[in-house]
Amino acid sequence: MKTIKNAVFVKSASSATEYKGFGKPEIVLVGRSNVGKSSLLNMLANNSKLAKVSSTQGKTRLLNFFLFNDEFMLVDLPGYGYAATSKVEQLKWKNMIEGYIKKSKNIASAILILDIRHLPTVQDIQMFEFLTFYNISVTIVATKYDKIKKSECAKKMRDIAATLKVGVENIMLVSSETAHGRQNLIDRIYQFVGESV
């Protein structure tokens with residue numbers, strides 16, 4: 001069983017052209033604005049202050065690189081789908097995300113974070129298909145599990161699976177609040193990290 005012993009912030013980049021690579025396997029965190037990427041990252045690190053968490057949508061505007069266990073990078077990408085952002089800014093974020101994914105040679109896997117309370121959006125589906133097109137293995141994480149009744153969980157999972165056209169077994173239940181599913185997600189990450197080193 002793998003454990004996270006240390007995690008540190010390494011660098012932010014404002015464009016794919018600034019990305020130089022770090023020689024470590026990269027696990028990419030993707031999801032719509034305010035879905036909880038930073039909270040999930042902090043939960044994995046067991047450090048609530050590692051990544052800045054904001055209740056304001058669209059706060060993450062850079063590619064943020066975090067080194068875990070001196071073994072792999074977690075890359076927190078800007079959230080997509082924030083309607084209040086200008087079209088110019090949305091296009092900038094889109095180009096930043098796509099440019100990084102196309103350019104990086106170190107991506108081992110991606111984690112697509114969804115809010116279990118809501119069906120995947122058009123942007124979620126597009127991101128899933130985009131990553132799959134580039135042969136990047138995607139772990140689908142349904143977060144905010146603590147926000148619903150346990151009796152609702154099975155149906156919510158089935159609905160997400162049907163929307164993304166995957167099996168329910170391909171979706172991991174996680175709560176950043178309670179750390180439910182933390183170890184399973186760490187083990188999942190290391191399946192891909194191990195294949196890359």
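This tour goes from the sheet to the helices packed on it, then into the cores.

The model is predicted: local features need pLDDT of at least 70, side-chain atom pairs count only at pLDDT 80 or more, and totals for chains, interfaces and linings use all residues. Residues are numbered from 1 along each chain as its sequence is written, and side-chain values use heavy atoms, with hydrogens and water left out.

**The sheet.** Select the strands (DSSP E runs of at least two residues, numbered from the N terminus). There are 7, in an open sheet ordered 1-3-4-2-5-6-7, with mixed pairing. Pairing requires at least two DSSP bridges between two strands. Now colour the edges: strand 1 (7-13) and strand 7 (171-173) each pair on one side only. From one strand to the next, the twist averages 25°.

Zoom to strands 5 and 6. They run parallel, over 6 bridges. Pick Leu 114; its bridge partner in strand 6 is Ala 142.

**The helices.** Helices are DSSP H or I runs of at least four residues. Show helix 1 (residues 37-45), which packs on the sheet and touches strands 1, 2, 3, 4 and 5. Contact means heavy atoms within 4.5 Å. Next, select helix 4: it lies across strands 5, 6 and 7, at about 150° to strand 7. Angles run from 0 to 180 degrees between N-to-C directions, with axes fitted to C-alpha atoms, for helices over the stretch in contact.

**The cores.** A nonpolar core joins buried Ala, Val, Leu, Ile, Met, Phe, Trp, Tyr and Cys residues through side-chain atoms within 4.5 Å; buried is under 20% relative accessible area (1.4 Å probe, protein chains only). The largest has 37 residues; Phe 65 and Leu 77 are among those touching the most other members. A second, separate core of 28 residues includes Ala 51 and Met 172.

Conventions
Buried < 20%, exposed > 50% of the residue type's maximum accessible area, 1.4 Å probe, protein only.
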